[in-house]
Amino acid sequence: MQIHTLTIIVLVFLLAGAVKGMIGLGLPTIAMGLLTLAMPPSAAASLLLVPSFITNVWQLWLGPSFGALLRRLWPLLAGLTVGTLTGGLPALAAGSTWTHTALGVVLVLYGLWGLAAARLPAPGRHETWLSAVVGYLTGVVTAATGVFVVPAVPYLQALRLSKDDLIQALGLSFTASTIVLALQLRVTGALQAVDLGVSALALVPALAGMAGGQYARRVMSEKTFKRCFFVGLIALGAYMAGSGWW
């Protein structure tokens, strides 16, 4: 692997880890969005698996309510598994132009959602079946784009969880998504052979970025950071969606 590619990987995961450390999510979104500018989407998703899995497990186990959240969110996790493995959209390896455009659209939509600070109504007594539907739709999007956030993150925010429980629920959802996406890429033959040294290299800046992001969360306004993050996400997504048609 050429030195400029390694440099890109280090810088991307440093930034993505910092975002995740600050707001509890964003590593796969940022990493996929930037890495696909320099490599095929399936290669970017394969490279992302190890850093995403380790950082999500770290986030998951730091929370206080693993057992309770697992019992509550199992329909979402089940739907996510089915959607990722059987979703009807073209998979990551099916066509780079379509995937590039779709990923850009996902980033723009999620950025607009974040800027609007919109929240879905609480699902109430419909939570069980809605969780399964949301999980399935998230799985379909994950299989097609490698991004785990839509619509799972807005839905988890609608459950009115405490701050610590929400961070842990995001870690649980992202961990499951990473595992199932790896299985889907393996089954479809799209899983790229990733050098363990490169994976370790990507993990180091991701963890360093998380530590930096957690520090930044303590010293600066989270509202200001989120606004900058979502504006940047919209700009990146618009560029990717537009470039898919040029």
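This is a predicted model: local features need pLDDT of at least 70, side-chain atom pairs count only at pLDDT 80 or more; totals for chains, interfaces and linings use all residues.
Local features need pLDDT of at least 70 and side-chain atom pairs count only at pLDDT 80 or more, while totals for chains, interfaces and linings use all residues. Residues are numbered from 1 along each chain as its sequence is written, and side-chain values use heavy atoms, with hydrogens and water left out.

**View 1. Helices α1 and α2 cross at roughly 155 degrees.** Here you can follow α1 (residues 3–23) and α2 (residues 27–35), whose axes come within 8 Å; axes are lines fitted to C-alpha atoms, for helices over the stretch in contact. Helices are DSSP runs (H or I, at least four residues), numbered from the N terminus. The two are therefore roughly antiparallel, a term for angles over 145 degrees. Contact (heavy atoms within 4.5 Å) involves I9, V12, F13, L15, A16, G17, V19 and K20 of α1, and L27, I30, A31, L34 and L35 of α2.

**View 2. Helix α4 bends at L73.** The bend in α4 (residues 66–86) is about 60 degrees, and P75 follows within four residues; a bend is the angle between axes fitted to the seven residues ending at a position and the seven starting there. Among the buried residues of α4 are L69, L73, P75 and G79, buried meaning under 20% relative accessible area (1.4 Å probe, protein chains only). The buried residues of α4 pack against α6 (127–145), α7 (152–158) and α8 (163–187).

**View 3. L6 sits in helix α1.** L6 is partly exposed, with a relative accessible area of 21%; partly exposed lies between buried and exposed, the latter being over 50%. Its C-alpha atom is separated by 27 Å from that of A176, 170 residues apart along the chain.

Terms used
Axes are lines fitted to C-alpha atoms, for helices over the stretch in contact, and angles run from 0 to 180 degrees between N-to-C directions. Angles under 35 degrees count as roughly parallel, over 145 as roughly antiparallel, 65 to 115 as roughly perpendicular and the rest as oblique.
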